[in-house]
Amino acid sequence: MSKVFFSVSMSLDGFIAPDEWTDIGGAGEESRSQWMQLQGWAFPQRFLRENLHLGQGGETGKDNEILEQTFNRTGVTIIGKRMFDGGETGWPEDAPFHTPVFVLTHQVRDPWERPGGTTFYFVNDGIESALRQAREVAGEKDIRIGGGAEAIRQYLNAGLIDECSIALAPALLGSGVSLFAGVDHRQCSLEIQEAVHSPLATHLNYAVRRQAD
Ligand SMILES: NC(=O)c1ccc[n+]([C@@H]2O[C@H](COP(=O)([O-])OP(=O)(O)OC[C@H]3O[C@@H](n4cnc5c(N)ncnc54)[C@H](OP(=O)(O)O)[C@@H]3O)[C@@H](O)[C@H]2O)c1
């Protein structure tokens, strides 16, 4: 059965985005600099550069391999509306998923089909419904909870995450969007699967178990 996982970049003090972050075009200088610290390991990588049309070439080492493996294991992604809002303006026309994407939102909206295989479906009836719909289309592949923090937290608190990967950036943001604030610690215990580092980030992989398991 498909695994449910998330994979994010996080600062050492636990933030996945600067305060009031939307997208790179709308951000002030300080936010942009913090975002670059957070994602600084990913932007030079060839896989990401090609997928986001940032230009030819790029790094092809461990960090690149991790990005590519994460993409290849993903059959469908579930994201929160704030992440979608940033991407709607920031992602290229052929959004970087190339799979169905379910957006958790209160907004009622028709599916939005992009070139290259990404279709955004807007889900108004909660995280379990989105996961059920994701399982129907994931096939043999895994289901990524793409973020942001509010989306990930709800799945963690419902005991629905099997694995997580954190690319720990060597950065202290001081404040921002906290990944784990509000997580119900009684719902999750973590088991280390792998820890690898490059000169740019420390990649931590965990199996997530419910305390009851
Ligand atoms: N560092 C990384 O790797 C990484 C990865 C992903 C995202 N991010 C960042 O994370 C930030 C966004 O995270 P976030 O925690 O602020 O927001 P989010 O999880 O992306 O979205 C939250 C919004 O989604 C909708 N929503 C969530 N759960 C819902 C539910 N059960 N039912 C209906 N609607 C629901 C609500 O919007 P409505 O009420 O408006 O519909 C809610 O305000 C962005 O800045 C993004 O760039 C970082």
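Two strands are taken to pair if DSSP finds at least two bridges between them, where strands (E, at least two residues) and helices (H or I, at least four) are DSSP runs numbered from the N terminus. The model is predicted, and local features therefore need pLDDT of at least 70, side-chain atom pairs count only at pLDDT 80 or more, and totals for chains, interfaces and linings use all residues. Residues are numbered from 1 along each chain as its sequence is written.

Strand β11 (residues 202-209) pairs in the antiparallel sense with β8 (residues 163-169) over 6 bridges, and Asn 205 of β11 is the bridge partner of Ser 165. With β10 (residues 189-197), β11 also forms an antiparallel pairing, over 8 bridges, in which Ser 189 has Arg 209 as its partner; a hairpin of 4 residues joins β10 to β11.

In helix α1 (residues 29-39), Gln 34, Trp 35 and Leu 38 are buried, that is, 20 or more other C-beta atoms, placed from the backbone, lie within 10 Å of their own. These residues lie on the same side of α1 because they cover an arc of only 100° around the axis, the arc being that of the directions from the helix axis to the C-beta atoms. Their cover includes β1 and β8, contact requiring C-beta atoms, placed from the backbone, within 7 Å.

Around the ligand there are 25 residues, of which Gly 80, Arg 82, Thr 105, Gly 147 and Gly 148 come nearest, a residue being near if its C-beta atom, placed from the backbone, lies within 6 Å. Elements that each supply at least two residues of this shell include β1 (4-11), α4 (81-90) and α6 (149-157).

How values were computed
A residue is buried if 20 or more other C-beta atoms lie within 10 Å of its own, exposed if 12 or fewer, and partly exposed in between; C-beta atoms are placed from the backbone. Two residues are in contact if their C-beta atoms, placed from the backbone, lie within 7 Å.
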